[in-house]
Amino acid sequence: MLQTITDAWNALSPYGQHTVWTTVWTIAITIVLILSVALTTLWERKVIGWMQLRRGPNRVRILGLLPGWGQPFADVVKLLTKEVIIPTNANKVLFNFAPMIALIPAFAAWAVIPLSPTVVVSKANAGLLYLLSLSSMGVYGVIIAGWASNSKYAFLGAMRSAAQMVAYEIAMGFALVGVIIASQSLNIGDIVERQQGGFLAWNWFWLFPLVVVYFISGVAETNRAPFDVAEGESEIVAGFHVEYSGIAFALFFLAEYANMILISTLTAVFFFGGWLSPVAGYGALGDSWIGQPGIWWLGIKTFLVLFFFLWFRATFPRYRYDQIMRLGWKALIPVTIVWIGVEMVLAWYKVGPWAH
């Protein structure tokens, strides 16, 4: 059978082989991402329990083993079997379409994210523009969900979420302008390659204010605590998805966690060297297997950045809405503009990464 597969592979044209590899990697990334989202929900509850001196999920097992690990899958079964209730006066087409609009960009963005020097679905030269365009699509899912529900509470929550997402999306975009200036490329693979040279050669060192702005904006854009004003139960029930139930609600839930993983990965790629080793170029250690680039380095960095999402939820109180908007418009956006000016000065005098 192996020989048959080999012969069939050799019979394909280069374009056919590329298409097969792209399809295989797309399916593999999608499956891994879905499983990662499920396990992230468990990890979050465990981390919050650990920080608040609780156990977290510890009952549902997988085949009698791993206490608590079966909880995400039990939640999936529960949501799949619950009835999806559509309000009588809702726009049924848009009501059903909104969760997909929220979810699809979170998965489609992975098409241009390089997981290693050789593993990437598409090496698009304008990959960064592709990511920016997809990230702006999420707000449509929020607005449509709130409007199509024909509920004033859902619509109010949608407007609040949309205003918040737009404010922080501008700050996030300006932060990425700084990355473009430092890397002189829109290709995400090239952005990673420009950070070679070890821990201090990564973009975080010269773009530290932009790292902070980008990550805070990512937390706000995913509507995560302490920026989850759309879900302020004492104010507007549960925000734009208050009328959703069953699998429709689960899609919004899935999109939120998928976006968390996406923002964590992009933070690692843009500012912390992606798949590059932190000790590359540092003597004998850099020449050993530890100094070699690989997908495991990207996984470790994503894991560490994602932990901050969970840490914030366990420790920070929810901000007032006026505080959130003031932070986005009057603090983060001015910081990015000022630091872009600093970058221009560094580039003019060829300091740091501009010395090449």
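Residues are numbered from 1 along each chain as its sequence is written, and side-chain values use heavy atoms, without hydrogens or water. In this predicted model, local features need pLDDT of at least 70 and side-chain atom pairs count only at pLDDT 80 or more, while totals for chains, interfaces and linings use all residues.

Trainee: How many salt bridges are there?

Mentor: A salt bridge is a side-chain nitrogen of Lys or Arg within 4 Å of a carboxyl oxygen of Asp or Glu. By this rule the count is 7.

Trainee: Which residue in helix H2 does Asp 75 pair with?

Mentor: Helices are DSSP runs (H or I, at least four residues), numbered from the N terminus. Asp 75 lies in helix H3 (residues 71-81) and its partner in helix H2, so the pair ties together parts 30 residues apart in sequence. The salt bridge has an N to O distance of 3.2 Å, and the partner is Arg 45.

Trainee: Is Asp 228, the partner of Arg 318, buried or exposed?

Mentor: The closest N and O atoms of Arg 318 and Asp 228 are 3.1 Å apart. Buried means under 20% relative accessible area, exposed over 50%, and partly exposed in between (1.4 Å probe, protein chains only). Arg 318 is partly exposed at 38%. Asp 228 has a relative accessible area of 12%, so the term is buried.

Trainee: Which side chain of opposite charge is nearest to Glu 221?

Mentor: Lys and Arg count as positive, Asp and Glu as negative; His and the chain ends are not counted. Glu 221, in helix H10 (residues 208-221), is buried yet has no salt bridge. The nearest side chain of opposite charge is 14 Å away: Arg 224.

Trainee: Which helix supplies the largest share of the nonpolar patch?

Mentor: Patches are made of residues with over 30% relative accessible area and no salt bridge: like charges are joined within 9 Å, nonpolar side chains (Val, Leu, Ile, Met, Phe, Trp, Tyr) within 5 Å. Areas come from the Shrake-Rupley method with a 1.4 Å probe; for residues, only the protein chains shown count as cover. This patch covers about 970 Å² and includes Leu 39 and Trp 69. The largest share, 4 residues, comes from helix H2 (residues 14-51).

Notes. Helix = DSSP H or I, 4+ residues; strand = E, 2+ residues; numbered from the N terminus.
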